[in-house]
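Hi,

Here is the structure I said I would pass on.

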Amino acid sequence: GGERTMMQGPYKLVVEGQSPGNSGIELYDIKSDPGELKNLAGEFPEMVREMQKELRKWQESVLNSLTGADYE
């Protein structure tokens, strides 16, 4: 699975790697919705964008660590 998740406060972002654009993105408030039944991505597009940006940054730093790029 290409699914990636990220937590920020009570929010959990779920991104499925294979879907371009906004489809395949889910956002949950796990404090008030521990069962992850209500997808909030449509209600909080700004938060989704911010969290995706952070996720990308994190992925790039992990990739750099794996390839040794941050030791050069």
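Let's start with contacts, meaning heavy atoms within 4.5 Å: among those in the protein chain between residues at least 6 apart in sequence, 24% join residues at least 24 apart. Bear in mind that this is a predicted model, where local features need pLDDT of at least 70 and side-chain atom pairs count only at pLDDT 80 or more, while totals for chains, interfaces and linings use all residues. Residues are numbered from 1 along each chain as its sequence is written, and side-chain values use heavy atoms, leaving out hydrogens and water.

Along the sequence you'll read β-β-β-α. Helices (H or I, at least four residues) and strands (E, at least two) are DSSP runs, numbered from the N terminus.

The 3 strands form an open sheet in the order 1-2-3, with antiparallel pairing; two strands pair if DSSP finds at least two bridges between them. At the edges sit strand 1 (3–8) and strand 3 (25–29), each pairing on one side only. Strand 2 (residues 11–16) pairs with strand 3 over 5 bridges, and Leu13 stands opposite Leu27 there. Helix 1 (residues 45–67) packs on the sheet and touches strand 1, strand 2 and strand 3.

As for the inside, 25% of the 72 residues count as buried, that is, under 20% relative accessible area with a 1.4 Å probe, protein chains only.

Cheers

Methods. Axes fitted to C-alpha atoms, helices over the stretch in contact; angles between N-to-C directions. Buried < 20%, exposed > 50% of the residue type's maximum accessible area, 1.4 Å probe, protein only.
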